[in-house]
Amino acid sequence: MTLSLFALAKPKSRDAAAGPSWLPGPYQPAEQPAAALDPLKRLLQQERFGHVVRQHRSLGAHPQIQAAFQAAVEAIDDRFALVPEGYATLPATVNDYPGCPEKDVQTEPFLLARHCVTNRQYQMFVDDGAYENPHMWPEDILPHLVDFVDLTGHGAPRHWRNGRHDKRLADHPVVGICYYEAAAYARWAGYRLPTNAEWQMAASWRIRSAAHVLRRYPWGDSFDTSKCNVWASRIGHTVPVTDYENGAAPNAVLQLIGNVWEWTDSDYDVTDDQGRAVVGDMLMKEIRGGAYDTYFPSQATSCFRTGLPALARAHNVGFRCVMDAGDGDSRPASPQAG
Amino acid sequence: MNRPYTTQTQERDDTQCLICGTRNEDAAVQCIECSAPMALVRDGTDPQSRPKVVTILGDSNVGKTVYLGFLLDMLSQHTTDYQAIPIGAYSVNVQQNVISHMACRMFPPKTPMEADQWHWAYYQICKRTSRKEEWLDLVIPDIAGESLTAELANPNTFRVINSLAGKSAGMLLLLDAPQAANGSSQPDFFGVKMLTYLDAVHRADRRSRVQMPTAVVLCKADMCPECFDDPRHFTEVNLSRLWNLCQSRLGNVEFFACSAVGSLAYATSPEEDFVTPIPLHTALRGVLEPFEWVVQQL
């Protein structure tokens, strides 16, 4: 009797094959589609449109390069939006108060992805062997590559299993990726990450004009939980990247505020109010926009700056890509024309 | 029990401290013995029953105040089936203190060690389902970690802690997950001491387990996200002494992970030998779950 009273209770660990806690039922791994054998078709299949447009000269010998180039341009037209030249004023202190030191940055026109990169899109990067290919990564990051694994130890975002995303989340933004994984994807696809000033310009829409007006949110100046997925929206998890069309920026870019924070290519470089350097345990990169679990509306605005260690693989941070506006301006020469 | 907050004339002994039972003078603001606010008795909504006490315990700097402040603020916003209504303006202090600081990217000041300066939160908690409302009066003090440590070292140094431990209907034990993950035994031993202390206060029969619902909450889990994957496994591996004690002594225990800060940085300069932690942004995760679990068990 005494023994049974002291017997250890059986642990109730979480089911190893369970999906995200807010989705019912077991994990549903996405299928792996057959890859096209033709390298140009494969580039289009992988949605590496930026790569096709930027690298068309090296692909110029391919008989279908013109059609592929045209398809890539049309896809970019559809998926990216032009952000006109403008300004971003970046507070140099942690707290943005009247009179705090600021840095004015002028931004050139660029193309910004209308949506964050989804699990489905990132799956193609994983399936292309990115995590096994050392050439995809900066040399100083290679020692950390072994840590870029999913819940089952495969090279993939942190919350995936066996290198596959849960297909119910195919259109949700990919999360659980560090800055280097986001940057590697962008390079692989032929794009790059936005700078903090570019991101802010796109969200605050401070275009070059006599008025010098900027928006607190992409849709205007009033916080509105029906236009973004933050804590106050009472959803509690990510939503598909195509949701919240009513919260779009003037150029139809979606979800700059809420759903997931977005990695930028800029170091998080601020001081506190006394001028002391603000540092993290390691290099910090700037993230923008707030996420579904951002509690304070003041931390999900077009101008709020914050940072995260570059190697952090957080559950609420994703990314979107940009292209320079001049990329791929010149059409490929017809192979027949020689 | 369906009863909204009322201000009806109440018939009860308003001089007996809710926490330690000491009789006080009619006009006493705080109990002369344990320093608990006498308003906890006077503001009671139901003359027939006394509110239940839920304690949030944890080592110094584990984040008890931040946890409690966000918890009350979230409950006040009626975002889940649970909602909280403060009773007495003093109850809002801890919530306001945390929210006003964290919104400005600062941690709230440390809770003073003196019991007469602690914040006490007295809330009516309502659980709404499609068919009914269930109301519960809860008292949750914001206890200083240093006071807990002193009481563990020398029992009855803080009479109020001893009384609270005896009066508690439920407990949330907050532990520093990144510290444990980094190999420190401090959170493990703190948890063991705390449970042993509760065991002694309850004078529990060693052949039966303590049945008070106890939520073990792994705090600051943003810095070791594996806590969220499986808090039980994390506790078993990184807090093994506590894990074993929980299994053998607690009859109603559950494990949770939580975080309130999305990213932490430090302000520093070469001239100073100290750093100031800065919570860069909030990312609330797992705050409500342990509390709701405890309330369900009451």
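User: What makes β2(B) and strand β3 (residues 120-128) of chain B a pair?

Analyst: Two strands pair if DSSP finds at least two bridges between them. Between β2(B) and β3(B) there are five bridges, in the antiparallel sense, so they count as a pair. Within β3(B), B:Tyr123 stands opposite B:Pro86. This is a predicted model, where local features need pLDDT of at least 70, side-chain atom pairs count only at pLDDT 80 or more, and totals for chains, interfaces and linings use all residues. Residues are numbered from 1 along each chain as its sequence is written, while chains are lettered from A and ligands numbered from 1 in the order in which they are written.

User: How do you know that the buried residues of α11(B) are on the same side?

Analyst: The residues are B:Pro290, B:Phe291, B:Val294 and B:Val295. A residue is buried if 20 or more other C-beta atoms lie within 10 Å of its own (exposed: 12 or fewer; partly exposed: in between). These four cover an arc of only 135° around the axis, which puts them on the same side of α11(B). That arc is taken from the directions from the helix axis to the C-beta atoms.

User: Why is α2(B) called roughly perpendicular to α3(B)?

Analyst: The axes of helix α2 (residues 64-76) and helix α3 (residues 93-103) of chain B cross at roughly 100° and come within 8 Å. Roughly perpendicular is 65 to 115 degrees (under 35 is roughly parallel, over 145 roughly antiparallel, the rest oblique). That is why α2(B) is roughly perpendicular to α3(B). Among the residues that make the contact are B:Phe70 and B:Leu72 of α2(B) and B:Val98 and B:Met102 of α3(B). By class, this contact has eight nonpolar, five polar and one charged residues.

User: What makes strand β9 (residues 276-285) of chain B mostly covered?

Analyst: Eight of its ten residues are buried. β9(B) also pairs with β8(B) in the antiparallel sense, over seven bridges. One bridge joins B:Tyr266 to B:Pro277 of β9(B).

User: How do you know which residues of chain A and chain B are in contact?

Analyst: Two residues are in contact if their C-beta atoms, placed from the backbone, lie within 7 Å. By that rule, 33 residues of chain A are in contact with 27 residues of chain B. In chain A, α1 (2-6), β6 (277-279) and β8 (306-309) each supply at least two residues of the side that touches chain B. The residues of this side divide into 16 nonpolar, eleven polar and six charged. A strand pairing also links the chains: β6(A) pairs with β8 (residues 259-268) of chain B in the antiparallel sense, over three bridges. There, A:Ala277 has B:Thr268 as its bridge partner.

User: What is the order of the three strands in the open sheet of chain A?

Analyst: The order is β1-β4-β10, and the pairing is antiparallel. β1 (80-83) and β10 (322-324) of chain A are the edge strands. β1(A) pairs with β4 (residues 110-113) of chain A over four bridges, and A:Leu112 is the bridge partner of A:Ala81.

Definitions and conventions
Ala, Val, Leu, Ile, Met, Phe, Trp, Tyr, Cys and Pro count as nonpolar, Asp, Glu, Lys and Arg as charged, and the others, Gly among them, as polar. Axes are lines fitted to C-alpha atoms, for helices over the stretch in contact, and angles run from 0 to 180 degrees between N-to-C directions.
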